[in-house]
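Open the model in your viewer and follow the stops below. Each one names a selection and says what is there.

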Amino acid sequence: MADALISYAIVIGVFIAFVAILFGSRAKRLAKKESPVGTPEKIKHSPA
């Protein structure tokens, strides 16, 4: 019985860690996309 509880706890912990990693990478990607400064490529190719 205790082995089953430990197994469930490990599976749930891995799942929560996976969701946290995905959410963090999504938030980082959105923050990078909405940056008001612009990427170096945009600055390099600007006709100024």
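Of its 48 residues, 0% count as buried. Keep in mind that this is a predicted model. Now show the surface. The chain exposes about 4,700 Å², and carbon and sulfur atoms supply 72% of that area.

Switch to cartoon. The secondary structure comes to 2 helices and 0 strands.

Next, select residues 2-33, helix α1. How far apart are its end C-alpha atoms? They are 47 Å apart; at 1.5 Å a residue, the 32 residues of α1 should span 46 Å, so the two values agree. Of those 32 residues, the number buried is 0, so α1 lies largely in the open.

Now pick L5, Y8, I12, F15, I16, F18, V19 and L22. Together they make a nonpolar surface patch of about 870 Å². On spacing: an α-helix has 3.6 residues a turn, so residues three or four places apart point the same way.

Last stop: F18. This patch member lies in α1.

Key
Residues numbered from 1 in each chain as written. Predicted model: local features only at pLDDT ≥ 70, side-chain atom pairs only at ≥ 80, totals over all residues. Heavy atoms only, no water. Patch = residues over 30% accessible without salt bridge, like charges linked within 9 Å, V, L, I, M, F, W, Y side chains within 5 Å. Areas by Shrake-Rupley, 256 points an atom, 1.4 Å probe, with all protein chains shown as cover. Salt bridge = Lys/Arg side-chain N within 4 Å of Asp/Glu carboxyl O. Helix = DSSP H or I, 4+ residues; strand = E, 2+ residues; numbered from the N terminus. Buried < 20%, exposed > 50% of the residue type's maximum accessible area, 1.4 Å probe, protein only. Expected span 1.5 Å × (residues − 1).
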